[in-house]
Amino acid sequence: MNLVVLTGAGVSAESGVPTFRASDGLWCGHRIEDVATPEGYAADPALVQDFYNLRRRQLAEVRPNAAHRALADLAARWAGDFLLVTQNVDDLHDRAHAETPPAEGFELIHMHGELLKGRCTRSGAVMDWTGDMAADQASPLHPQGRMRPHIVWFGETPLQMEQIERALAHCDLFVSIGTSGAVYPAAGFVDLARRAGARTVEINLEPTAGARLFDEGVYGPATQAVPAFLDTL
Ligand code: BJW
């Protein structure tokens with residue numbers, strides 16, 4: 001049986017990583033357009049770099065929670081293909097899977113990029129980046145390049161979309177965990193899975209605006225709802 005799991009900010013919330021769409025509509029006091037668009041970066045690179053520097057530093061203070069660990073346990077015993085697509089730029093899934101190595105057939109994709117990577121603005125090459133990035137950070141990868149966060153901003157193309165769409169076209173079970181479904185193309189994955197004839201399940205604190213698109217909903221905090229649901233598989 002082929003499985004595709006999509007995760008969003010809700011899976012990391014109980015680790016202490018803030019979600020995006022809080023009631024004030026601001027991310028850590030910033031407007032989305034100022035910090036998560038190429039235009040925002042062009043207008044004020046220092047503001048954008050500071051925003052991501054802060055979030056990169058915060059990763060040192062958080063740990064994978066029971067939901068990340070339950071997915072890693074499942075990946076270690078799953079017999080079919082298992083694609084875990086996360087919209088999250090934290091490394092909490094990576095850390096959980098490093099502790100419990102997955103079976104063959106498992107893959108993790110960060111479709112919106114990774115905080116712990118930087119990208120050269122000139123060559124597009126990506127490299128590990130654990131420290132702060134300066135507003136005009138020189139690129140070690142190209143003499144005329146600068147480094148920017150390896151993050152997919154609004155208007156940019158999410159990563160590894162062909163691979164994701166291929167897996168959705170062949171999946172038997174699609175599980176969406178802790179995402180509001182407000183951002184495309186991830187919000188449309190449930191439609192692609194349904195077209196493939198997959199069983200579709202939403203796990204969230206509460207039903208999302210797109211809840212009716214799923215065959216089933218499991219509601220509660222991810223650290224409880226995810227292990228409980230995965231135990232039924
Ligand atoms: C819990 C919980 C607990 C809490 N337990 N649950 C008009 C119509 C359609 C589309 C568009 C449009 N205008 C523009 C677009 C496209 C645009 C888009 O979708 N805009 C929308 C605003 C409408 N999309 C793009 O531009 C994307 N690119 C694109 O489309 O390219 C074209 C293309 C498509 C396909 C193939 C090829 C090309 C790029 C989107 C990039 C998004 N980037 C961000 C920022 C990343 C950097 C950063 O982190 O700073 O990614 S935006 C932000 O939202 C971030 C997230 O990954 C993403 C999704 O958020 P998520 O994870 O759902 O978080 P929240 O906060 O919204 O929800 C949390 C959920 O958890 C809630 O439901 C809670 O209830 C729940 N929860 N605690 C369980 N304990």
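## The salt bridge of Arg31 and Asp34

In this predicted model, Arg31 and Asp34 form a salt bridge whose closest N and O atoms are 3.1 Å apart. Arg31 counts as partly exposed because its relative accessibility is 45%. Asp34 also falls into the partly exposed class, with a relative accessibility of 29%.

## Arg194 and Asp215

A salt bridge also connects Asp215 with Arg194, and here the closest N and O atoms are 4.0 Å apart. Distant parts of the chain are linked by this pair, as the two residues are 21 residues apart. Asp215 belongs to the loop between S8 and strand S9 (216–219), while Arg194 is part of helix H8 (residues 189–195).

## Arg199 and Glu216

Arg199 is joined to Glu216 by a salt bridge, with 2.7 Å between the closest N and O atoms. Because Arg199 lies in strand S8 and Glu216 in strand S9, the pair ties together parts that are 17 residues apart in sequence. Arg199 is partly exposed, given its relative accessibility of 33%. Glu216, at 30% relative accessibility, is partly exposed as well.

## Network and total

Salt bridges that share partners bring Arg31, Glu33 and Asp34 together in one network. The count of salt bridges in the model comes to eight.

## Glu202, a buried residue without a salt bridge

Glu202 is found in strand S8, which covers residues 199–204. This residue is buried, yet has no salt bridge. Side chains of opposite charge can pair when their charged atoms come close. For Glu202, the nearest side chain of opposite charge is that of Arg212, which is 10 Å away. A salt bridge requires the nitrogen and the carboxyl oxygen to be within 4 Å.

Leaving aside residues up to four places away in sequence, Glu202 touches Ser176, Pro207, Thr208, Ala211, Phe214, Glu216, Gly217, Val218 and Tyr219. Among these contacts is Glu216, the residue that forms a salt bridge with Arg199.

Technical notes:
Residues numbered from 1 in each chain as written. Predicted model: local features only at pLDDT ≥ 70, side-chain atom pairs only at ≥ 80, totals over all residues. Heavy atoms only, no water. Helix = DSSP H or I, 4+ residues; strand = E, 2+ residues; numbered from the N terminus. Buried < 20%, exposed > 50% of the residue type's maximum accessible area, 1.4 Å probe, protein only. Lys, Arg positive; Asp, Glu negative; His and termini not counted. Contact = heavy atoms within 4.5 Å.
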